[in-house]
Amino acid sequence: MDRDVKKEKEGNEREKDIEAMVACYQGFDPVAYLQYNYTPPRADFDRPDSIVPWKLGCLHRAFTEGDVGGKVLVDVGSGPTIYQVLSGCEVFDTLFLTDFLEVNRQELRRWLGGEGCSSLDWTPYLQHVCKLEGRSPSAWSEKAARLRSVVSDILPIDVHRSSPLQSSAKLPGAGADCLVSCFCLESVSPDLTFFNRALGHIGGLLRPGGHLLLIGALGESYYMGGRGVRIPVVPLDEAQVCASLKACGYTLVRLEVYTLPQDMRVGVDDVTGVFFVKARKP
Ligand SMILES: C[S@@+](CC[C@H](N)C(=O)[O-])C[C@H]1O[C@@H](n2cnc3c(N)ncnc32)[C@H](O)[C@@H]1O
Ligand SMILES: O=S(=O)(c1ccc2c(c1)CN[C@@H](CF)C2)N1CCSCC1
């Protein structure tokens, strides 16, 4: 087979892999996803070894330790969740939430609209982050108002495109000052090659000197995105995450790892751990 034919064949196979992943996501159910992951036993604020305080603590430290700043924060692959920007919304005045699916963008609009009809009560998350900031938990409604005030838009995104945002014109010319992305890249990539490419694509949204805060699953090969909706995940280990960041030119600032207790392994996925990365784009 000559080289051009081989390259065309490989390109067609790559397109089929992406089409298969897109097809999986057509069954994604935000309500079920929130139920599976953001309610007890996984979201148990009273457990000292719970993953929620760990994760919110990583984000709080990363946003408030002094090296992260600027005007624009972009959350890549927000899904139907807002916990990931509860600390960042105090640091940035312009925040873009993004997702591939309209059902998730709609869920975010419902929460932001404040009609109280969102699918999950985020109050415990808001209260916890207020405590991390040395504020009374009763300041949660002020934090909610702050978040609602800085969200500039909820945009469609596709990390498999070299320009993931159709409307990147909304970003400053040099790029965002900070990116946050949680459980997205590994959950939408058919394999490590796609993961690395997607990491490179989102890096194009970030200005030189900007920071990437990445949270993801370790050892996960699938998760349930709804009843009977099994979504493949590219299994990662710490070494692969570090190698991908290095290959994309990032400087690693910090990597933290959380190992899921046995009783948090509840059958909605086969995740064994969670990583938190703070990295800087030179
Ligand atoms: C596992 S969820 C993560 C949601 C949320 N960030 C969290 O922390 O729970 C993965 C998200 O990636 C989104 N997604 C699917 N395909 C995508 C793509 N090609 N580009 C960007 N996001 C995509 C899904 O719609 C979903 O909201
Ligand atoms: O770390 S979690 O347990 C969590 C949260 C979300 C996900 C997973 C794990 C693993 N599967 C991912 C599929 F992409 C989604 N967690 C849930 C409670 S709040 C903090 C985050």
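**View 1. Make-up of the shell around ligand 2 in a predicted model.** The shell residues divide into 8 nonpolar, 2 polar and 4 charged (Ala, Val, Leu, Ile, Met, Phe, Trp, Tyr, Cys and Pro count as nonpolar, Asp, Glu, Lys and Arg as charged, and the others, Gly among them, as polar). Residues are numbered from 1 along each chain as its sequence is written, and chains are lettered from A and ligands numbered from 1 in the order in which they are written. In this predicted model local features need pLDDT of at least 70, side-chain atom pairs count only at pLDDT 80 or more, and totals for chains, interfaces and linings use all residues; side-chain values use heavy atoms, with hydrogens and water left out.

**View 2. Residues around ligand 2.** Asn37, Ile51, Lys55, Ser187 and Glu220 come nearest among the 14 residues around ligand 2 (near: a heavy atom within 4 Å). A polar side-chain atom of Glu220 lies 2.7 Å from a nitrogen atom of the ligand, and one of Asp269 lies 3.2 Å from a nitrogen atom of ligand 2. The protein buries 99% of the 480 Å² that ligand 2 exposes when taken alone (Shrake-Rupley method, 1.4 Å probe).

**View 3. Val159 and its loop.** Val159 lies in the loop between strand 3 (151-156) and strand 4 (176-182) (strands are DSSP runs of E, at least two residues, numbered from the N terminus). Val159 is buried, with a relative accessible area of 5% (buried: under 20%, 1.4 Å probe, protein chains only). Val159 and Val188 are 29 residues apart in sequence, and their C-alpha atoms are 8.5 Å apart in space.

Methods:
Polar contact = N/O pair within 3.5 Å; in protein donor to acceptor, adjacent residues only side chain to side chain. Helix = DSSP H or I, 4+ residues; strand = E, 2+ residues; numbered from the N terminus. Buried < 20%, exposed > 50% of the residue type's maximum accessible area, 1.4 Å probe, protein only.
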